[in-house]
Amino acid sequence: MAVDDPWYEATASGWSGETAAGAPGDGRPGAVPRQRVHSAAEIYLEVQRSPAFQEVRRRYRRFVFPATLAFLLWYLAYVVAATAAPGLMARPVAGAVNVAMVAGLGQFLTTFLLTWAYARHARLRRDRAALELRWDTQEMTRGMVQP
C-alpha cells in the first residue's frame, strides 16, 4: 500500500513517473503502484448495503420501535386519564398519596427501566457487531488515497 507523502516531489528527486516495472506509481523506485481506491462515500455506502449492517439495524429497530410505542402509549394514557378522569386520579391510595402520584412516579420508573433495557439490549445484541463494522470501515478508509 502506497503512503501519500505530501513533502515528496518526484520531479525534484529526478525519478520519473514510472516504477521499475514500468507501471505508473508515485515516482519512487520500488513503490507499489496505486490501485483504484474507493472514496469515503463509496466505502460507507458499501458498508450500509452489507448484511452485517442490515442485521445491526434490524436488531435496533426490533427493540426501539415497540419500546417507543409502548412508552408513548403509557404516557398518553397518563395524560388522558389526568384530564378525562380527574376523579379516578384523585382517588387516595395510601394517606395523601393518590392514583395520579403513583402513576406519575410510574412514569419515572418506566423511564429508568426502559433506559436499562435499552443499554442491556445494545450490550448483548448490537455493540459487538457494530464495533466490528466500525473497525472494518476504519480499515477500509485508512487505505484511501487522498486526491
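A residue is called buried when its relative accessible area is under 20%, exposed when it is over 50%, and partly exposed in between (1.4 Å probe, protein chains only). The structure is a predicted model, in which local features need pLDDT of at least 70 and side-chain atom pairs count only at pLDDT 80 or more, whereas totals for chains, interfaces and linings use all residues. Residues are numbered from 1 along each chain as its sequence is written, and side-chain values use heavy atoms, with hydrogens and water left out.

The secondary structure of the chain comes to 5 helices and 2 strands, where helices (H or I, at least four residues) and strands (E, at least two) are DSSP runs numbered from the N terminus. Read from the N terminus, these elements follow the order α-α-α-α-β-β-α. Of the 147 residues in the chain, 17% are buried. The chain exposes about 11,100 Å², of which carbon and sulfur atoms supply 65%; accessible areas come from the Shrake-Rupley method with a 1.4 Å probe, and for residues only the protein chains shown count as cover. Among the contacts (heavy atoms within 4.5 Å) with a separation of 6 or more, 56% are made by residues 24 or more positions apart.

Helix α5 (residues 99-142) has a kink of about 55° centred on Arg126, the bend at a residue being the angle between axes fitted to the seven residues ending there and the seven starting there. Arg126 is itself one of the buried residues of α5, which also include Ala103, Gly106, His121 and Leu133. The buried residues of this helix pack against α2 (40-49), α3 and α4 (86-89).

A search of the whole structure finds 1 aromatic pair. Rings of Phe, Tyr and Trp (its six-membered ring) pair if their centres lie within 6.5 Å, and planes under 30 degrees apart count as stacked, over 60 as edge-to-face and the rest as tilted. Because Phe63 lies in helix α3 (residues 51-84) and Tyr118 in helix α5, the pair ties together parts that are 55 residues apart in sequence. Tyr118 is partly exposed, with a relative accessible area of 34%.

The count of salt bridges (a side-chain nitrogen of Lys or Arg within 4 Å of a carboxyl oxygen of Asp or Glu) comes to 3. In helix α3, Glu55, Arg58 and Arg59 are linked in a network: the closest N and O atoms of Arg58 and Glu55 are 2.4 Å apart, while Arg59 meets Glu55 at 3.0 Å, N to O. Glu55 is partly exposed at 26% relative accessibility, as are Arg58 at 36% and Arg59 at 31%. In helix α5, Glu139 and Arg142 lie 3 residues apart, about one turn of the helix, and their side chains form a salt bridge at 2.5 Å, N to O.

Val93, which lies in strand β1 (residues 92-94), is exposed, with a relative accessible area of 53%.
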